[in-house]
Amino acid sequence: MAIPVMLRSMRHHNYRLWATADFVSVTGTWMQVLAMNWLILSITHSATSVGLGLVLQALPTMLLGPWGGVIADRLPARHVVAAGQIAQAALSAVLAVIAAGDPTGTGGLYAISLASGMVTATTSPALGRFGAEVVGPEDLSNGLALGSVLSSGGRILGMSLAGVIIPLAGVPGAFAANAVSFLGVLLAIALMRTRELHVLPPAKPGERGIVAGFRYVLGSPRLLIMFGLAFALGSLGRNYQVTMAAMSEGPLHGGAGGYGALSVLFAVGTVLGGVYAASRVRLPLRLLLITATVCSAGQLLSGFAPSLALFGAAMLPIAAGAVVLDTTVATRVQMDSPGHLRGRVIAAQGMVGAASGAVGGPALGALCDTLGPRAALMLAGTACLAVALAAAYGFARVRRTRPATAAAALAPAQAPALVAAEA
């Protein structure tokens, strides 16, 4: 029986194991996120304290990301991923012990958050690299898109299970459940067929350092434009948890119930976006630019929404577009970078994502507080729209100059293949 195009990655034995384990792990992770936020809030009664815990998890990615890329390109990705899962499981188990002791301070919780962020920073590039090895280049975009769908589903399930487990087993139960979920990933890695892995070449001795990775990224106009677009849309156009709360509490008068409904709609939109991306055979740069423009214009127009229902209707395509954007960027980063530098390019992408989250949340919050949520959405949407149009112009210039430059450096028989690949 033929496998649908949208599920073509599932024909790979290793990917089926990986997808199942990833869904279980994401579910456990979101259980821990809610449990951690609730525990810190119950101790401090301060939302700022909750935010500090999130910053401590994101900060290492911005500082240690390059070293994570070097590790990914030098060591077998499979081993690095396994080591990271073991470390995260141990940290979750320690959290369960701390929570069971009824803590009165947050020092230990913050220390675990920082340690978890350090593990994530040093192993995430290997995780991305290993994902490419599991599914292979021909189905990479589909594997990433299905991964987005599973992540969205795991997020919804994890948040729901946290609401059940915390009243029954307490916060320590949620932490313990997350620790167990990492064992699923380790089991999946152990059961994979080594001969079916698409192992990427490691970095050569002269190309193993951080400088080689930065040199490649800075020398690639396509990557720089793509990262700039991802940063702008990830900071001013992505932090809808801030703007949805501000709109619901303010001009739309939806309150906590309205904010919850908007969050559900946004989650549904991410699933739809993942399904759309998975159904496509290719994810070209043209799709990236169209989606960026539509999302930016939608954000601008959402500021005019007169009711909670219409604002929620605007969230669906925006959330779907966000997943298409993420999947397209991740696919282009993987497909357009050489195997021996793949980990360091993925690390650069992770740094951009972490920086956009760290900058965007406070920036949008400040705009909402000073100008009001409607004006914040309009201003941020206009800025994102301008960046999307600038990116389109930049890609057009690169497309005009790069094939000619590359063709001059190659034999005549090689040049047409390169030009076709760039299109």
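These legends accompany several close-up views of a predicted model. Local features are given where pLDDT is at least 70 and side-chain atom pairs where pLDDT is 80 or more, while totals for chains, interfaces and linings use all residues. Residues are numbered from 1 along each chain as its sequence is written, and side-chain values use heavy atoms, leaving out hydrogens and water.

**View 1**
The side chains of Arg 129 and Asp 73 form a salt bridge, at 2.7 Å from N to O. Here a salt bridge means a side-chain nitrogen of Lys or Arg within 4 Å of a carboxyl oxygen of Asp or Glu. Arg 129 sits in helix α4 and Asp 73 in helix α2, so this pair ties together parts that are 56 residues apart in sequence. Helices are DSSP runs (H or I, at least four residues), numbered from the N terminus. Asp 73 also meets Arg 344 in a salt bridge, again described by an N to O distance of 2.7 Å. Because Arg 344 belongs to helix α12 and Asp 73 to helix α2, that pair ties together parts 271 residues apart in sequence. Are these side chains buried or exposed? Arg 129 is buried, with a relative accessible area of 2%; Asp 73 is buried at 1%; and Arg 344 is buried at 5%. Buried means under 20% relative accessible area, exposed means over 50%, and partly exposed lies in between (1.4 Å probe, protein chains only).

**View 1. Asp 139 meets Arg 11 in a salt bridge.**
The two side chains come to 2.7 Å, N to O. Asp 139 lies in the loop between α4 and α5 (140-191), and Arg 11 in the segment before α1 (13-44), so the pair ties together parts that are 128 residues apart in sequence. Asp 139 is buried, at 2% relative accessibility, whereas Arg 11 is partly exposed at 47%. Look for Arg 8 here too: Arg 8, Arg 11 and Asp 139 are linked in a network of salt bridges. A search of the whole structure finds five salt bridges.

Two packed helices are described by the angle between their axes and the distance between the axes. Helix α6 (residues 210-218) and helix α12 (residues 342-371) pack at an angle of about 70 degrees, with axes 9 Å apart. The axes are lines fitted to C-alpha atoms, for helices over the stretch in contact, and angles run from 0 to 180 degrees between N-to-C directions. α6 and α12 are therefore roughly perpendicular to each other. For α4 and α12, the axes come within 8 Å and cross at roughly 120 degrees, and these two helices are therefore oblique to each other. On this scale, angles under 35 degrees count as roughly parallel, over 145 as roughly antiparallel, 65 to 115 as roughly perpendicular and the rest as oblique. α6 passes α12 in a right-handed crossing, and the crossing of α4 and α12 is right-handed. A crossing is right-handed if the near helix is turned clockwise from the far one by less than a right angle, and left-handed if anticlockwise.

Asp 102 has a phi near 55 degrees, a positive value in a residue other than glycine. Its place is the loop between α3 (77-100) and α4 (107-135), and at 63% relative accessibility Asp 102 counts as exposed. His 253, likewise not a glycine, has a positive phi of about 55 degrees. You will find His 253 in the loop between α8 (240-249) and α9 (255-279), where this residue is exposed at 69% relative accessibility.

**View 2. Leu 52, Val 55, Leu 59 and Leu 63 make a nonpolar surface patch.**
The patch covers about 340 Å². Patches are made of residues with over 30% relative accessible area and no salt bridge, joining like charges within 9 Å and nonpolar side chains (Val, Leu, Ile, Met, Phe, Trp, Tyr) within 5 Å. Accessible areas come from the Shrake-Rupley method with a 1.4 Å probe, and for residues only the protein chains shown count as cover. Leu 52 is found in helix α2 (residues 47-74) and counts as partly exposed, at 41% relative accessibility.

**View 3. Ala 320 and Val 271 have C-alpha atoms separated by 7.0 Å.**
These two residues are 49 residues apart along the chain. Ala 320 is in helix α11 (residues 308-335) and is buried, with a relative accessible area of 16%.
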